[in-house]
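Dear colleague,

I am handing over the structure we spoke about, placed just below, and after it I set out what was found in it. Please read the notes alongside the coordinates.

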Amino acid sequence: MRTYLVTGGAGFIGSNYIHYMFKKYGDDIRIINVDKLTYAGNLENLKDIEDKPNYTFVKADICDGEAIMRIFEENDIDRVVHFAAESHVDRSIKNPDVFVKTNVLGTLNMLNAAKQAWENEDGSFKADKKFLHVSTDEVYGSLDNLTDYFYETTPYDPHSPYSASKASSDFLVKSYIDTYHFPANITNCSNNYGPYQFPEKLIPLVINNALHGRDLPVYGDGKNIRDWLFVEDHCKGIDLVQEKGVLGETYNIGGHNERQNIQIIHIILDTLQEMLDDSDPRKALVSEKLIKYVTDRKGHDRRYAIAPDKIKAAVGWYPETCFEEGIKKTIKWYFENEDWMANVTSGNYQTYYEDMYKDR
Ligand code: NAD
Ligand code: TYD
């Protein structure tokens, strides 16, 4: 039975990935999920699988060398899928230090532990061991021109402390591939949306605020463009790359679904109106009047857009869920999981929200 070590599996994409993998492989795989449970990690995301005999949760920091090495010593890990990171650009602008610590030093620690566990005496690596580093399209910087796209060959040009820390971690992975022939891949994905996303990111924040009749903060002119991908399509891409990709290669994952932020907000408002019952009191709250233009994010990247040609050709990946369908699935999930949203927005979230938006 193949054993996966998933880092950051209690977060948004990591928990979707764990669900996806158990749905796809059932009891043919074993998953160990290592997560520090920061504000973004939530074991509620995994409560329906937590009792599976082939699933184990370990609460640990990826920067903790001993704790990570112990997992490798006690288990014959075949695959590492490395999601754990600080992931929110606005937080990185306020507090860059933890981004460098977790995203750069944490990745270095994961690389060192896997290298130590997998390397033979002659410097080669044990057969069929693979490390996948989950990264972002933000490392490529910002596109000004509507006809340009990010390719795997696009030079790195990160602007925020978040993207700079992810770029640094990518370079570390690349250096292990080049120097040691370390068996790794990197995936650079566009903006994800879907179930279990923490409401600091645009889409769940807008859904949650609209349903409560709260302001919908639009940074700058609202015309910044992101290339939105339904999270399950990202998970499928990660698995395909690890199964069929060429070791050492980088693959961009994105869906040719570029939209301005203001367009996203209008789609969410329209979809909420369509999906809410006339008798539902929240229907009256959902309104374009909630849209509030606020001070722009510092260093706000204008446009991201992925060219997924390489991953399509190499492993046959394509985005299966169009945005209109994906946003309905997402909103339906938030309707059915009101308690989840209530739990994650209680306590510290209030302080965060106040701090992030009060002077905008
Ligand atoms: P997230 O913030 O929802 O989850 C991050 C998880 O990592 C949380 O469970 C958190 O507890 C855990 N974590 C943080 N620091 C840790 C540490 N020091 N040790 C152990 N665990 C720690 O993030 P996400 O949106 O699920 O993103 C996952 C990965 O995908 C990240 O590497 C991110 O850069 C990348 N990515 C995200 C997107 C996106 O749109 N969300 C797009 C492309 C790439
Ligand atoms: P976000 O979800 O934070 O992802 P990222 O910054 O990694 O792309 O933001 C997506 C876009 O939405 C980005 O251009 C910033 C913008 N945005 C707002 O306009 N208002 C908000 O309240 C948030 C959180 C984001």
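In what follows, a residue is called buried under 20% relative accessible area, exposed over 50%, and partly exposed in between, using a 1.4 Å probe and the protein chains only. This is a predicted model, in which local features need pLDDT of at least 70 and side-chain atom pairs count only at pLDDT 80 or more, while totals for chains, interfaces and linings use all residues. Residues are numbered from 1 along each chain as its sequence is written, chains are lettered from A and ligands numbered from 1 in the order in which they are written, and side-chain values use heavy atoms, with hydrogens and water left out.

Salt bridges

A salt bridge is taken as a side-chain nitrogen of Lys or Arg within 4 Å of a carboxyl oxygen of Asp or Glu, and a search of the whole structure on that basis finds 26 of them. Helices (H or I, at least four residues) and strands (E, at least two) are DSSP runs, numbered from the N terminus.

The side chains of Lys236 and Glu320 form one such bridge, with an N to O distance of 2.4 Å. This pair links distant parts of the chain, 84 residues apart, since Lys236 belongs to helix α7 (residues 231–244) and Glu320 to the loop between α9 and α10 (323–336). Lys236 counts as buried because its relative accessibility is 12%, whereas Glu320, with a relative accessible area of 45%, is partly exposed.

A further bridge joins the side chains of Glu249 and Lys310, at 2.6 Å from N to O. Here too distant parts of the chain are linked, with Glu249 in the loop between α7 and β11 (250–253) and Lys310 in helix α9, 61 residues apart. Glu249 is partly exposed at 32% relative accessibility, and Lys310 is partly exposed at 25%. Elsewhere, salt bridges that share partners bring Arg2, Arg79, Asp128 and Glu243 together in one network.

Lys201 forms a salt bridge with Glu200, where the closest N and O atoms are 3.8 Å apart; Glu200 counts as buried because its relative accessible area is 3%.

Ligand 1

An oxygen atom of ligand 1 lies 3.0 Å from a backbone N or O atom of Phe12, and an oxygen atom of ligand 1 is 2.8 Å from a polar backbone atom of Asn192. Taken alone, ligand 1 exposes 830 Å², and the protein buries 97% of that, with accessible areas coming from the Shrake-Rupley method with a 1.4 Å probe and, for residues, only the protein chains shown counting as cover.

Ligand 2

Ligand 2 is surrounded by 18 residues, the closest being Glu138, Arg226, Arg297, His300 and Tyr357. Oxygen atoms of the ligand are found 2.7 Å from a side-chain N or O atom of Arg226, 2.9 Å from one of Asn261 and 2.5 Å from one of Arg297. Of the 510 Å² of accessible area that ligand 2 has on its own, the protein covers 98%. Two or more residues of the shell come from each of α6 (202–211) and β8 (216–219), with β8 giving the largest share, three residues.

Asp296

Asp296 is found in the loop between β13 (291–294) and α9 (309–315), and a polar contact of 2.6 Å joins the side chains of Asp296 and His300.

With best regards

Definitions and conventions: Polar contact = N/O pair within 3.5 Å; in protein donor to acceptor, adjacent residues only side chain to side chain. Near = heavy atom within 4 Å.
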